[in-house]
Amino acid sequence: MVIKKRCLLWDWTNTDGPGHSGVPWAMDQCNFNGPLSSVSNWNTWVPPELKGRAPFRPMVHLEAQLSGQDWDNVWNTDQPIVHFFNEPDKNNISPERAAQAWHDQMVPLRQQKGKQLVSPSVSSDENGKNWLADFMNRVSDAPPDFVGLHYYGTDGNACIQYLQDMHSKYSQPLIVSEIASIDRYGPSVLGFTAQLANFMDGTDWIFEYGFFGCMRQLADGFVSPDAQLMRPDGSFTDLMQKLQWDQPIAPPS
């Protein structure tokens, strides 16, 4: 039986938009009958090329999405799970402000619309962990349905230990909304990806995870070229093919 936990992180630039041409046709190459569970583009709007083939995960990316058309999109979405804040620990959003917005807007979204809510997804460094601990303390009266996490590194065992520690701390199911190896050696990237995908597929307290990222260009100098899931022409890399077809993923020989 296929385990569907792998969220496709579909960059917004893959969608045609004002002033840029995307590669919407590439969505037709996705295998939504396999391990792919959903699609996220770090935004509140659904990529039209998704065509209802998988659930969409709208995201209140930062504070700007708490008003205007973006908030209208979130309030009126027919999708069941909503993400709240992407690395606020690196975007000058305090746990206090985040908790206020949580109580003022996200909790009513759950109460009135029946949505399940993901906590802010923080980075795995000490600052991120401290930020999340402060936030979770402030929302203990209305905790999230899922704890959101990010992880970038090279050591698969260290990543697994981090996930186990965070689950032990919060006793909530996890959504690892961004994860990737930052190693510059291809076989090591595949080894990390295989180890973590197989671990998360087999761990009942991990609800969903997304490997970064399906985009034509490197997001920045931090991420590894060998971890890219899309080539500049819009075609999928071998790693993307493994993520959408293979379960379990075989480690490098």
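Let me start with a term: buried means under 20% relative accessible area, and exposed means over 50%. Keep those cut-offs in mind. This is a predicted model.

Start with helix α6, residues 238-245. Which of its residues are buried? Leu-239, Met-240, Leu-243 and Gln-244. Looking down the axis of α6, these buried residues fall within an arc of 125 degrees, so they line one face of the helix. An α-helix has 3.6 residues a turn, so residues three or four places apart point the same way. On the other side of α6, Asp-238 and Trp-245 are exposed. And what do the buried residues pack against? Two of the partners are strands β1 and β2, the latter spanning 36-40. The others are helix α5, 186-201, and strand β8.

Now the empty space inside. Rolling a probe the size of a water molecule over the atoms shows where empty space is left. How many cavities of 30 Å³ or more are there? The count is 2.

On to the largest cavity. Its volume is about 80 Å³. It has 14 lining residues, and the closest to its centre are Cys-7, Leu-9, Ser-40, His-83 and Ser-177. Strands β1, β7 and β8 each supply at least two lining residues. Which strand gives the most? β7, with 4 residues. The classes here are 7 nonpolar, 4 polar and 3 charged.

Last, stay on β7, which covers residues 174-181. Ser-181 lies in this strand. Is Ser-181 buried or exposed? Buried, because its relative accessibility is 2%, and the cut-off for buried is under 20%. A polar atom of its side chain lies 3.1 Å from the backbone nitrogen of Asp-183. What else does Ser-181 touch, leaving aside neighbours within four places in sequence? Its contacts are Gly-153, Thr-154, Val-189, Phe-192, Ser-224 and Ala-227.

Definitions and conventions: Residues are numbered from 1 along each chain as its sequence is written. This is a predicted model: local features need pLDDT of at least 70, side-chain atom pairs count only at pLDDT 80 or more; totals for chains, interfaces and linings use all residues. Side-chain values use heavy atoms; hydrogens and water are left out. Buried means under 20% relative accessible area, exposed over 50%, partly exposed in between (1.4 Å probe, protein chains only). A polar contact is a pair of N or O atoms within 3.5 Å; within protein, one must be able to donate a hydrogen and the other to accept it, and residues adjacent in sequence count only if both atoms are side-chain atoms. Contact means heavy atoms within 4.5 Å. On a 1 Å grid over the protein atoms alone, a cavity is a set of points where a 1.4 Å probe fits but cannot get out, and a pocket is an open set with protein on both sides within 12 Å along at least five of seven lines; lining residues have an atom within 4 Å of a point. Grid points are joined across faces, edges and corners, and a volume is the space filled by probe spheres set on the points. Ala, Val, Leu, Ile, Met, Phe, Trp, Tyr, Cys and Pro count as nonpolar, Asp, Glu, Lys and Arg as charged, and the others, Gly among them, as polar. The arc is that of the directions from the helix axis to the C-beta atoms.
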